[in-house]
Amino acid sequence: MHHTAVTERTWHEIQQFRQNLPFLETEPTKRQAYYKFNSTKRFFTDGYSCTKWNSTCKPEIVESPHPNPQGQYDTYIKCINTSQDINGHHTSQPIRRDGNIDIPFLKRLFNHEIRTEFEECGAIEHTAQTSRFCHFNHTQGVGRLTVTKCSVKYHWMIPVDLQTCPFYIFTSFGIHTHPPPPPSKAPVAIMEGIFKVIQEMREPSLTLSK
């Protein structure tokens, strides 16, 4: 969205675009299954799954051969090295049967019976955002945020004699070739600092007296 200004209409268009992005899976329990599947893969890939992680650590989904006291067969996500581990160094986590996750669908994901399609994302964050990922639970996993540079140039023109001309001009040159970031409010401390600098330029005696 190339732009030189942002209006209410601009934000309305962005919101409409986000709302019209199609979700490849609308069933909440299946989306939770996607989230569990992708987060587990990332957990293993990043080496956080097992206390003694190694390159052979991979997740698998299994069902207990014995029923629990309620007569149900618990489902686990565990490391493939668990069966050879007698010291508990490899992970094994039960999946809660609370109805939030479609467990049969999750099994199909782990068994590679379902092809994960790419889902588009409309996330736009301010550069002050510290997270590296978007906050949407996509079928392919959370998206990594990338920084888009801006080529627009900004200039502040402050008169030498603010007593005679107590005004300053702010200008920008160029066209923004990126979507506008969410609106943000400058911190109070920064605004107070700017006003203080301008005040000192208007009244140099304030600076000399310090």
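The model is predicted. The chain holds five helices and five strands. Their order along the sequence is α-α-β-β-β-α-β-β-α-α.

**Chain overview**
- The protein chain has 210 residues, and 25% of them are buried.
- Take the contacts between residues at least 6 apart in sequence: 51% of them join residues at least 24 apart.

**The three-stranded sheet**
- Strands E1, E2 and E3 form an open sheet in the order E1-E2-E3, and the pairing is antiparallel.
- Strand E1 (59-63) and strand E3 (92-94) each have a single partner strand, so they stand at the edges with one side left without a neighbour in the sheet.
- From one strand to the next, the twist averages 25°.
- Five bridges join E1 to strand E2 (residues 75-79) in the antiparallel sense.
- Val-62 sits opposite Tyr-76 of E2.
- In general, strands of a sheet pair through backbone hydrogen bonds, either parallel or antiparallel.

**Helices across the sheet**
- Helix H2 (residues 28-45) lies across E1, E2 and E3. H2 runs at about 25° to E2.
- Helix H3 (residues 103-110) lies across E1 and E2. H3 runs at about 140° to E1.

**The Tyr-34 and Phe-105 pair**
- The chain has five aromatic pairs.
- One of the pairs is Tyr-34 with Phe-105, and its geometry is edge-to-face. The centres are 5.4 Å apart, with 75° between the planes.
- Tyr-34 belongs to helix H2 and Phe-105 to helix H3, so the pair ties together parts 71 residues apart in sequence.
- Tyr-34 counts as buried because its relative accessibility of 7% falls under the 20% cut-off.
- Phe-105 is also buried, at a relative accessible area of 9%.

**The Trp-156 and Tyr-168 pair**
- The ring centres of Trp-156 and Tyr-168 lie 5.4 Å apart and the planes meet at 35°, so this pair is tilted.
- Trp-156 is in strand E4 (residues 153-157), while Tyr-168 is in the loop between E4 and strand E5 (169-173), so the pair ties together parts 12 residues apart in sequence.
- Tyr-168 is partly exposed, with a relative accessible area of 36%.
- Trp-156 and Tyr-168 belong to a cluster linked by ring pairs, together with Tyr-154 and Phe-170.

Notes: Residues numbered from 1 in each chain as written. Predicted model: local features only at pLDDT ≥ 70, side-chain atom pairs only at ≥ 80, totals over all residues. Heavy atoms only, no water. Helix = DSSP H or I, 4+ residues; strand = E, 2+ residues; numbered from the N terminus. Buried < 20%, exposed > 50% of the residue type's maximum accessible area, 1.4 Å probe, protein only. Contact = heavy atoms within 4.5 Å. Pairing = 2+ DSSP bridges. Axes fitted to C-alpha atoms, helices over the stretch in contact; angles between N-to-C directions. Phe/Tyr/Trp six-rings, centres within 6.5 Å; stacked < 30°, edge-to-face > 60°.
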